[in-house]
Amino acid sequence: MASHAECRPLGVFECELCALTAPYSYVGRKPPNTQSMVLLEESYVMKDPFTSEKGRFLVLGSHCSLCGRLVCVGPECSLFYSKRFCLPCVRENISVFPQEIRQDLEKRKALSKRPPSQPASRT
């Protein structure tokens with residue numbers, strides 16, 4: 001059973017782009033109760049509410065490495081390419097990202113413009 005301190009929220013995470021909010025219980029690179037797991041960025045983390053396993057957690061988000069905005073990991077708000085970048089910063093600096101990132105951003109833009117009744121293609 002997890003201790004009370006491990007489950008107690010430290011605060012509320014709020015994405016500065018989409019306003020997603022969720023209570024977080026840890027900020028850092030090594031979430032509690034994980035053996036050898038180290039995250040690639042300092043992240044806001046919450047215990048996974050869908051399981052009772054101690055070492056399970058959800059990464060909510062992190063700060064953009066360029067502007068410092070607090071952003072969620074959702075594909076509409078940020079991407080991780082060696083560091084976390086909010087999509088506004090990616091768009092402003094798109095020329096310095098590799099072609100694969102540019103193509104991924106174009107796919108995201110196309111998906112967001114599709115009417116809700118139109119299913120996504122599996123390509």
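Which residues do ring pairs link into a cluster?

1. In this predicted model, the cluster consists of Phe13, Tyr24 and Tyr44, which are linked by ring pairs. The structure as a whole holds four aromatic pairs, and two of them are described in the points below.

2. A pair of aromatic rings is described by the distance of the centres and the angle of the planes. The rings of Tyr24 and Tyr44 have their centres 4.9 Å apart and their planes at 90°, and because planes over 60 degrees apart count as edge-to-face, the pair is given that name. Tyr24 belongs to strand 2 (residues 21–24) and Tyr44 to strand 4 (residues 43–47), so that distant parts of the chain, 20 residues apart, are linked by this pair, and both residues are buried.

3. Phe85 and Phe97 form an aromatic pair that is also edge-to-face, with 5.1 Å from centre to centre and 90° between the planes. Since Phe85 lies in strand 8 (residues 84–86) and Phe97 in the loop between helix 2 (87–92) and helix 3 (99–113), the pair ties together parts that are twelve residues apart in sequence. Phe85 and Phe97 are both buried.

4. Strand 4, which holds Tyr44, runs antiparallel to strand 5 (residues 57–63), and four bridges join the two strands. Lys47 has Phe57 of strand 5 as its bridge partner.

5. Strand 5 also pairs with strand 6 (residues 70–72), in the antiparallel sense and over three bridges, and here Ser62 stands opposite Val71 of strand 6. The hairpin of strand 5 and strand 6 has six residues between the strands, and in this hairpin Gly68 takes a positive phi near 85°.

Notes: Residues numbered from 1 in each chain as written. Predicted model: local features only at pLDDT ≥ 70, side-chain atom pairs only at ≥ 80, totals over all residues. Heavy atoms only, no water. Phe/Tyr/Trp six-rings, centres within 6.5 Å; stacked < 30°, edge-to-face > 60°. Buried < 20%, exposed > 50% of the residue type's maximum accessible area, 1.4 Å probe, protein only. Pairing = 2+ DSSP bridges.
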